[in-house]
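Take a walk through this predicted model. Keep the sequence beside you as you read.

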Amino acid sequence: MSFRDLLEQTFWFFSSNKVRSGLTMLGIIVGIGSVIAMISVGQGAQQSVQDRIQAIGSNLIIVMPGATRGGGGFFFSSGRGSAQTLTSADANAISSQVSGAANVAPELDTRKQVSAKGENTNTQIIGTIPAYTDVHNVSIDTGSFITDGENTSSGKVAVLGPSARDDLFGSGAAAVGQSIRIGTVQFKVIGVTQAKGGSGFNNPDDAIYIPLSSMQHFIMGGSYVSSIGVSASSQDNMDSVQQQINDLLLQRHKISNPALADFNIINQNDIVNTATSVTKTLTELLASIAGISLLVGGIGIMNMMLTTVTERTREIGLRKSVGAKKSDISLQFLSESVMLTFMGGAIGIVVGEFVSAIIANVIGQPTAFSLISVVSVFAVSALIGIVFGYYPARRAANLSPIVALRYE
Amino acid sequence: MIECTEITKKYISGDTETVALAGVSFRIDAGEFVAIIGPSGSGKSTLMHIIGALDTPTSGRFLLEGQDVSHFDDDQLAELRNRKIGFVFQAFNLLPRANVIRNVCLPLLYGKVPPGRREELAREALIKTGLDEDSFFKRSNQLSGGQQQRVAIARALVTDPSLILADEPTGNLDSKTEKIVMQTFQQLHNEGRTIVLITHEAEIAEYAQRVITIRDGLIVEDRLNGHAARTGELSKGGIVPAAGEAEVSA
Ligand SMILES: Nc1ncnc2c1ncn2[C@@H]1O[C@H](COP(=O)(O)OP(=O)(O)OP(=O)(O)O)[C@@H](O)[C@H]1O
Ligand SMILES: [Mg+2]
């Protein structure tokens, strides 16, 4: 039997058994669809976490006060901001003594109630210096960022993140030149940053930037900083820069045992790796849950194929009596199951992408389309057809024509 | 065409052995129309399965067109059936959801006929059996029994086999359609085809040229229709059943 005949026979069988073939295929569609949707959602989450981490700067190394607590990492460090061991002077020392540190930006952060023209918002206030824009990839949309002059003079000027601007002045309103009140102190808006995208806590768009000295004078008091951001001049020398900062600060803080360091250095690669491994685990978990439904779909195929082998025993006997070889019979059944899973897989991929688009819309999280996962899921679905179709096909092929023809 | 020498067939299930054929020998020449007749359980179908290359004998020699097929494997037998034999079954065995043309084309799928020629061959075969053209694209389960059997005969003819084997082809038909179907066989015989027909009804056997009677796995009579029995084969089996379907404990 030629391949063309095989396909023609297979499609003829499906078209004369539409309901049953459709239902069996549905099992595969649901299985493949959910695997695809879960992978897209998971990879979307992974991508957006990575993007957000990339958005906080490039080749970024962050120095924070406080001791390492069992490697909790950036997001989970409970001591952040509470210890007061880093100062502007540390930042200056890093800037002048560490080779390969392209930009250094100390910052002092707090959350405050901010008001303007009767509108109120609670947002993050970041006191920093001009280098912040280079360290954290911040661009200015309108107006200008804080200058060195304003820092030296502790100017009462503020640069708004677009979300903060929207909250205070209304969406897209012109804010430059207006006044805002941070706590009890009045600041003049001199610029608005470009949106970076992001949401939730630590959203770079929902922030107000003021000179570090102004922050230290008018809002927080003291000369300490809550973190120092350092951008290395290249990806390759990040380790070296991190090591130099570590040595320098140990020396400056007069700590001989590195285990007792009163600061914490993390770099962007670590953050990316941690976050990636978390989201990857999440993706795998979601995909394997969905994989169970795929397995169930595969068993459905096997069940249907076994039923048809029994039901079509006489047909098999007849085909053999008119000259079908074992291979013709087994290929016929295998082709039916592979075609079911193949078509189910194709439809499932479309359905899965559709569902993931809906999920993306509902949870506001982008989903990623990954060609590799689509191709491999497609291959898996065909493989399921072979695996679960093999046994029924073999059973059919091994039927003796005489026994099959007698079958009632 | 067909040469059987001391063919036996034993079925073993559990510890009982059933002898379906106890040693039959005969020849059928090309162009003959032979009926094999005998009571139920006498081994007719078993014999047909062997002649039709659906099964191989336990012992003995079976030559089909001079070729010994006793030791063919399943796939070789399948190819042989496809090229040389056309079957007509009592139960028609059509694909119920398939239309007439598709049913008749079925053997061609497993042969070497190019797809473009299949429908043409199917039509030719159907016309020979006298099925009206209106039915060609009907589903086979929408046809009457007589029509279905004609489709089945056309399916047996479509590969232009040298031998047509029919096992109780009229078993499911009333006497009127029975006559039509038997006339179809006679006509095919007149065209020069070799036909072996299995039946347990004497009237059906009368359509044939030659009648072989078997009982309990042995040939008890082999005669030309309306003529005296050809005693050549008879001496081997004897009239009185010897082993037959006696069940021997192993
Ligand atoms: N697959 C089998 N396994 C065991 N015994 C079998 C098998 N096929 C046939 N037999 C036995 O062989 C004997 C001959 O059977 P066969 O089918 O050839 O008879 P038959 O002449 O065709 O009968 P009928 O007219 O009823 O169709 C019977 O006793 C039957 O029980
Ligand atoms: Mg029989």
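Is Lys117(A) buried or exposed? Lys117(A) counts as exposed, because its relative accessibility is 64% and the cut-off for exposed is over 50%. Look for Lys117(A) in the loop that joins β2 (101-116) to β3 (119-128) of chain A. Its backbone deserves a look too. Lys117(A) is not a glycine, yet its phi is positive, near 45°.

Asp216(B) is not a glycine either, and its phi is positive at about 50°. This residue sits in the loop between β9 (210-215) and β10 (218-224) of chain B. Asp216(B) counts as partly exposed, because its relative accessibility is 23%.

Go back to chain A for a helix. Helix α2 (residues 18-55) of chain A runs for 38 residues. From first C-alpha to last it reaches 52 Å, close to the expected 56 Å. Just after α2(A) comes Gly57(A), with a positive phi of about 155°.

Now turn to the interface. Chain A puts 24 residues into the contact, and chain B puts in 24 residues. About 2,400 Å² is buried between the two chains. Carbon and sulfur atoms give 58% of that area.

Four salt bridges cross between chain A and chain B. Arg102(B) forms a salt bridge with Glu8(A), with the closest N and O atoms 2.6 Å apart. Eight residue pairs are in polar contact between the chains. On the chain A side, the elements giving two or more residues are α1 (3-16), α10 (313-321), α11 (326-363) and α13 (401-406). That side holds eight nonpolar, six polar and ten charged residues.

Methods. Residues numbered from 1 in each chain as written. Chains lettered and ligands numbered in written order. Predicted model: local features only at pLDDT ≥ 70, side-chain atom pairs only at ≥ 80, totals over all residues. Heavy atoms only, no water. Helix = DSSP H or I, 4+ residues; strand = E, 2+ residues; numbered from the N terminus. Expected span 1.5 Å × (residues − 1). Buried < 20%, exposed > 50% of the residue type's maximum accessible area, 1.4 Å probe, protein only. Contact = heavy atoms within 4.5 Å. Buried area = accessible area lost by both parts, 1.4 Å probe. Salt bridge = Lys/Arg side-chain N within 4 Å of Asp/Glu carboxyl O. Polar contact = N/O pair within 3.5 Å; in protein donor to acceptor, adjacent residues only side chain to side chain. Nonpolar A, V, L, I, M, F, W, Y, C, P; charged D, E, K, R; others polar.
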